[in-house]
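Okay, thanks everyone, let's get going.

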Amino acid sequence: MDNEKDTYDISLEDTGLRLNLGTEEEDTALKRPVSEADRAALARVEAELAERWPETEIDPTLERVAMVMDILGEPQKAYKVIHVAGTNGKTSTVRMAESLLRELGHRVGRTTSPHLQSITERIAVDGTPLHPSDFVRIYEEIKPAVEMVDERCGQKLSFFEYITCMAFAAFADAPIDVAVVEVGMGGRWDATNVVDADVDVITPVGLDHTEYLGDTLAEIAGEKAGIIRSADAVAIVGEQDPEAMNVILERSVEVGCAVARSGMEFGVEAAGVAVGGQTLTLRGLSGEYSDIFLPLSGPHQAHNAAVALAAVEAFSGAGRERQLDADAVRRGFAATTSPGRLERVRATPTTFIDATHNPHGARALARALTHDFDFTRLIGVLGVLGDKDARGIFTALEPALTEVVITQNSSPRARDAYELAELAREVFGDERVHVVENLPGAYELAVELAEEALAEVGVQSGSGIVITGSVVTAGEARAMFGKEPA
């Protein structure tokens with residue numbers, strides 16, 4: 001996308017649309033109860049959005065979203081932006097950056113995707129997802145502009161494009177002073193790429209969505225690096241394979257922006273396993289920050305934390321002459337949550353939920369499980385979507401799992417459990433694979449297997465369960481355990 005945005009001969013006045021800009025007093029509404037009428041209205045809106053073409057597909061144009069933004073009066077320019085692309089670690093990095101910014105005194109908007117349990121999770125203000133009634137209100141308020149663009153372009157906005165427009169409008173509505181925006185897929189042509197970011201973040205790049213982004217790391221990295229568009233921004237780059245790093249650096253040089261790389265300008269100095277997470281010493285752009293407690297497990301989360309810190313430092317203008325408030329940094333990391341990311345939901349047997357859905361993420365999960373925990377027996381409950389690299393996921397997880405229970409989630413894209421089990425047997429062997437086609441039943445069997453192991457070992461902490469393989473699987477597991485959308 002060129003730095004200069006196209007303009008259109010449509011205005012807010014043409015639509016009769018008025019965004020209802022909120023006030024601080026109205027913010028208490030974010031915590032009000034949800035009525036049955038609220039739930040019914042949200043279900044109607046979600047059904048209408050589902051009729052649009054899905055977010056699993058992309059169309060290489062930003063025209064539709066740019067037109068809607070133009071009609072709405074450019075709400076995405078009403079606040080500063082940290083823009084986060086990459087294959088894995090985006091959501092956790094976004095949530096960490098959001099928490100740090102809030103502790104530093106900012107009013108923050110967050111948009112992430114996909115959601116685990118409720119569509120409202122995708123748009124949050126001050127760390128809280130939009131109340132269903134506000135989600136519905138924003139949807140209806142921008143609907144005249146969206147329908148005008150639908151008609152003018154001859155191609156309706158997609159599900160993801162509509163929600164992206166809603167997020168940018170909701171942030172202006174709040175109002176916020178900084179948005180932390182997660183890219184949906186790719187970067188260059190992602191609907192979020194209509195923002196003029198102050199900081200561009202590229203988390204680790206791996207092979208995923210190859211049918212849209214390319215077959216090689218270099219091709220995929222090129223799409224991700226497409227969010228780097230301004231010489232005035234700072235690019236923060238997480239750990240990368242050399243093939244991906246070269247492409248990202250070439251893009252940064254082409255644009256002329258400053259770059260900071262994990263392992264070079266910033267990084268993890270020390271990390272230790274702690275109860276409920278880990279303790280860190282991070283080297284930021286402005287110096288060292290010690291005695292950090294992060295309530296998330298795994299070496300990958302330590303590196304995500306370093307990226308989030310560098311992004312917030314870059315945003316805040318911190319450098320050698322000035323550090324961020326170290327106590328605020330500690331509070332920000334300690335308050336971070338990232339639901340569905342190695343999230344512990346039961347103590348005995350220890351049960352985790354993880355939204356891993358590609359081999360790159362599965363390798364990080366396997367490393368976290370073996371690095372941070374000492375299970376003598378670990379049962380995997382695995383449900384994967386049909387368009388994902390199930391063999392790659394299984395191969396990455398195989399060294400960490402003793403046995404697996406193959407299942408399937410409720411998504412129409414879910415791969416059949418029995419078909420998936422045949423593939424699992426090729427990776428794990430016949431004796432280590434069980435099949436239950438529904439998630440509750442699969443977890444029940446996993447508990448039986450874990451309890452058998454507990455009886456054999458005689459130590460309560462010796463056995464664990466991890467439910468993973470898909471964002472949908474993770475979301476349904478959270479609901480099964482009574483977790484509220486976060």
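Predicted model: local features only at pLDDT ≥ 70, side-chain atom pairs only at ≥ 80, totals over all residues.

Residues are numbered from 1 along each chain as its sequence is written, and side-chain values use heavy atoms, with hydrogens and water left out.

Helices here are DSSP runs of H or I with at least four residues, strands are runs of E with at least two, and both are numbered from the N terminus. We have an open sheet of 8 strands with mixed pairing, in the order 4-3-2-5-1-6-7-8. Pairing takes at least two DSSP bridges between two strands. At the edges sit strand 4 (128-129) and strand 8 (258-261), each pairing on one side only. Further in, strand 2 (residues 108-111) runs parallel to strand 5 (residues 178-182) over 4 bridges, and G109 has A179 of strand 5 as its bridge partner.

Now helix 5, residues 132-153. It packs on helix 2 (residues 36-50) at about 45°, axes 9 Å apart; axes are lines fitted to C-alpha atoms, for helices over the stretch in contact, and angles run from 0 to 180 degrees between N-to-C directions. The contact, meaning heavy atoms within 4.5 Å, includes A41, L42 and V45 from helix 2 and F135, V136 and Y139 from helix 5.

What does helix 5 do with helix 6 (residues 159-173)? Their axes are again 9 Å apart, but the angle is about 115°. That makes helix 5 roughly perpendicular to helix 6. Among the residues that meet there are I138, I142 and V146 in helix 5 and Y162, M166 and A169 in helix 6.

Last one: V194, in the loop between strand 5 and strand 6 (199-202). Is V194 buried or exposed? It counts as buried, because its relative accessibility is 4%; the cut-offs are under 20% for buried, over 50% for exposed and partly exposed in between, with a 1.4 Å probe and protein chains only. Setting aside neighbours within four places in sequence, V194 is in contact with L62, V65, A66, M69, Q76, F168 and R229. With A66, the C-alpha to C-alpha distance is 6.4 Å, at 128 residues apart in sequence.

Note on methods. Parallel < 35°, antiparallel > 145°, perpendicular 65-115°, else oblique.
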